[in-house]
Amino acid sequence: MAAEKLRDLSQPIDVALLDATVAAFYGTGSKEERTAADQILRDLQNNPDMWLQVVHILQNTKNLNTKFFALQVLEGVIKYRWNALPAEQRDGMKNYISEVIVQLSSNEGSFRLERLYVNKLNIILVQILKHEWPARWRSFIPDLVAAAKTSETICENCMAILKLLSEEVFDFSRGEMTQQKIKELKQSLNRQFQWYFLGAFLIPQSEFQLIHELCLYVLSASQRTELIRATLSTLHAFLSWIPLGYIFESPLLETLLKFFPLPSYRNLTLQCLTEIAALNFGDFYNVQYVNMYNVFMVQLQTILPPTTNIPEAYAHGSSEEQAFIQNLALFFTSFYKAMHVLSIRYFVFLSNLFGILRFLTKHKFHIRVLESSQENINALLMGLEYLINISYVDDTEVFKVCLDYWNSLVLELFDAHHNLDNPAVAANIMGLPMPLIPTVVDGIGAQLMQRRQLYAVPMSKLRMLMICRMAKPEEVLIVEDENGNIVRETMKDNDVLVQYKVTNLLIMRETLIYLSHLDHEDTEKQMLKKLSKQLSGEDWTWNNLNTLCWAIGSISGSMMEEQENRFLVMVIRDLLNLCEMTKGKDNKAVIASNIMYVVGQYPRFLRAHWKFLKTVVNKLFEFMHETHPGVQDMACDTFLKIVQKCKRKFVIVQVGENEPFVSELLSGLATTVADLEPHQIHIFYESVGHMIQAESDTQKREEYLQRLMALPNQKWGEILAQAHQSVDFLKDQDVIRTVLNILQTNTSVASSLGTFFLSQISVIFLDMLNVYKMYSELISSSIAEGGPFASKTSYVKLLRSVKRETLKLIETFLDKAEDQPQIGKQFVPPMMDPVLGDYARNLPDARESEVLSLFATIINKYSIFFAYNVFDCDTSLIQYKSAMIDDVPRIFEAIFQCTLEMITKNFEDYPEHRLKFFSLLRAIATHCFPALIRLSSQQLKLVMDSIIWAFRHTERNIAETGLNLLLEMLKNFQASEFCNQFYRTYFLTIEQEIFAVLTDTFHKPGFKLHVLVLPALAESGLLTEPLWDVATISYPYPNNAMFVREYTIKLLGTSFPNMTASEVTQFVNGLFESRNDLSTFKNHIRDFLVQSKEFSAQDNKDLYAEEAAAQRERERQRMLSIPGLIAPNEIQDEMVDS
């Protein structure tokens, strides 16, 4: 009964009853009571007439929650229906809200007591302003300023309203207001803005002048702390966009600097000064800017003396004091960044060198002005000193702010040094003949050297900062836990934190490399000095050694080879001595991890120094016996990394040696791996495989391989011998684990040896298939007897692991092998029934997805060989190629239908099968297209349906695979005799589905492929038969292009009723006109997606993924041109190893 009474809005609502309902919703009553109250409030909120009760409710309730509920109803009306309301209702509501705000804020007691309510009313007022002002409420700013002058509490609230207005218009308006509306509001605040010359000053005339005058008046006349803080907060919101004259040609800057020393206003004032510091407008206000900086620095020395230990003060300071340090970092970085937005990097690309000199002398950027006199230089250097000290603060965000600036500064200094030190390079950049260069270059060179000397001391301190705070590289597995123990890193960070750490590491590494290039001697000196303190114990801590070694590793490749060799000899010698002289397992583990990290970063040095290389590798073998968590893992990982870059060194007889190192290693193999875990042994075997692969002598290579695989082959032979006596022996779980381990060892060696693994896999191949078949039967019988849950048992999982590893081993070998046809003839036919037939016969839960990827690899690899070597193939190999195409229907029959039934029930089950299935289908479409043409129409329709299902998938990899597969199908059918039939059957369906995913925000990452499919469809104009059904469509279209055009217009017109017919027609016409220009075509579609409101107010970066990838590649090429910026181990091309 009460609920019905509340829902009846034909009469004034019962406020007491509403209060009770709201109280029930927020109360601690039963769940049923809260649910019932929630339903009533939802019904009221959804009633279009409820907003008419808002004034009645606000006037009669004392309950704050009820007031908020009423204002929430009103907020919804303002946001979505305001402009549709009659003018008198709009005026009545805005007048009422204004009156309540003035009433509550005119009295100190009610203003403090009802502060939350007043804040919500302020928000409602600003929401109204976004619709009413300036067109229908032109007097708002004058009225607000006039009201502010009547009372200090009203003035304080007016400041809060102005701040909200600025934030709404300039910060939070995206997606809620059109760009035109935002522009209109900004122009209103600066209405009729003009500059009038009066003597030497520029005088602005604008509506904002009223706000400006009010703020200055408050700051100069008021003694009320809350009002002054509110005014400073409001100014902070406006400073980033107001006309500059209000800042620099008024007492505002001077006033702010007066408030800075006062503790109550210090942080707010500093935030305002930071906004001003971040402004960038050329050199017009340089005098005021530099004066502000100098006054600020004088005041800062009193507030925070230069001798202060800032990290310690931050650690023990109050939240207000910590906020001050944070704001101080933002002030300095904003000020300095604004100074050198236009850096040397810009003007080295100007058209001529004389232009640079004129540019430098005519346009003195702020940093140049600070560098122009000794007084300013002292202030600049002191500011940099403060910032370096702040950078040591143990706060992630503070350090990130500082680091971003340091990176930009050293990049500017490095660019100048890198591009203009060499006259020949300068001449080449500027396009000038050499005779004109010397004097001009000497002038610039002198300026640059002088500038480098100016920053020499700060840069030296910055090097030490980077060394002391270097982030942990991913390769380092040994860390200190929260209890101070050295452990192996096990906890994985979430994606966001990982991205943050990786970005931070890259910026720090890049910064230190630039610093190294600016002064290699100082970099080396500081690192060696810090390392000597570790040896002496003066500065010994785990963290100090870690950051130092991470820094040493990060500058790999940045020095000249001779200097790097000298440096590394000292570093490795000292680290090995430190390891010998330091006691304690934890200490040794830390030192070991650092030795392994450093040596792994300098393959160039190791290749040039065999004795050091051998010493390091033998040390790694020692570490492989160290059972401290993480040491063995790092030793194996580092061994693999070194071998990949230095493998030739291990297969030749070095000076002073009797045999190649690989032979010596194989002799002691059992001892070396004795203490390693299985996964570590696999890495070790992969490493030795790389060594053997580097041996050019076939006989030696086979001998090394036999010696390497002796232990696994011996165990394999013992297991098979036992199995011949009793097949049940293979069912024992320990035996199954041993078989799995042997197969994994073989896979590791196959991955590094490639074709040269042929002799080894030939030994075990047929027996391996027999084991595969037996385990498959065991799995099927277990699942048949135990039901679906049997597939989750440890026994079945173990059996399936052996099957998967068998498939992985075969796929790895076939993928790496080079003599494709001969190997294919040997290995593929025996697999058809044990692998392919087994997949078809098995239950869904027992089917291995690796079967799909294996046959995709077979088709891809062998077909590519035939495509490039067709004239070199003998008759038997060509027959084998033909047999492969003939086998596709068999593959199709065994895999297609049963897999499709598994993956199309939903988008979640069998995730591994999904991607691999479509990869196999793409391989068939690309390399065995004639086999697809032989399929029946029902089978082909199944293929096309599965492709459409794939690119509609929300999983990015699957959708992209489906789109690539569709492109292959379209390309192949266009070149075939079945082109007309295919297009007539599938064209309209494909176009409809492509537009569906193109305009779906979940499929934005596929945009780059969507825009490739549409032009391919547009080739329908080349067809010789009509696409439309002539029996049902009587209109005689002149050609297919006209039919497609009209069909597309109807399709999009129906799908987007919010767009006019002319807009849709214009878009479709543009598609046809621009289809041969991909860049224009993409931009045309991007505009449509935003215009159609499908992608408005969203992150649309995926629509520009290709451009972003091109930019990343350009950046990578720039980094490759700077020695050390990309670490040697990150460069994919194998380094010369001779």
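Trainee: How are helix H41 and helix H43 oriented where they pack, roughly parallel or roughly antiparallel?

Mentor: Happy to start there, keeping in mind that this is a predicted model. Helix H41 (residues 733–753) packs on helix H43 (residues 794–816) with the axes 9 Å apart and an angle of about 20°. Angles under 35 degrees count as roughly parallel, so H41 relative to H43 is roughly parallel.

Trainee: Which handedness does the crossing of H41 and H43 have?

Mentor: The contact there involves residues of H41, including Ile736, Leu740 and Leu743, and residues of H43, including Leu798, Val802 and Leu809. As H41 passes H43, the crossing is left-handed.

Trainee: How many residues of the contact of H41 with H43 are charged?

Mentor: Among the contact residues are Arg737 of H41 and Glu805 and Lys808 of H43. The contact divides into 10 nonpolar and 8 polar residues, and the charged ones number 4.

Trainee: Nice! Turning to the rings, what kind of pair do Phe335 and Tyr336 form?

Mentor: The count of aromatic pairs comes to 45. For Phe335 and Tyr336, the ring centres lie 6.1 Å apart and the planes meet at 85°. Planes over 60 degrees apart count as edge-to-face, so the pair of Phe335 and Tyr336 is edge-to-face.

Trainee: Phe917 and Phe918 form an aromatic pair too; is Phe917 buried or exposed?

Mentor: That pair is edge-to-face, at 5.1 Å centre to centre with 75° between the planes. Buried means under 20%, so Phe917, at 2% relative accessibility, counts as buried.

Terms used. Residues numbered from 1 in each chain as written. Predicted model: local features only at pLDDT ≥ 70, side-chain atom pairs only at ≥ 80, totals over all residues. Heavy atoms only, no water. Axes fitted to C-alpha atoms, helices over the stretch in contact; angles between N-to-C directions. Helix = DSSP H or I, 4+ residues; strand = E, 2+ residues; numbered from the N terminus. Parallel < 35°, antiparallel > 145°, perpendicular 65-115°, else oblique. Left-handed = near helix turned anticlockwise from the far one by under 90°. Contact = heavy atoms within 4.5 Å. Nonpolar A, V, L, I, M, F, W, Y, C, P; charged D, E, K, R; others polar. Phe/Tyr/Trp six-rings, centres within 6.5 Å; stacked < 30°, edge-to-face > 60°. Buried < 20%, exposed > 50% of the residue type's maximum accessible area, 1.4 Å probe, protein only.
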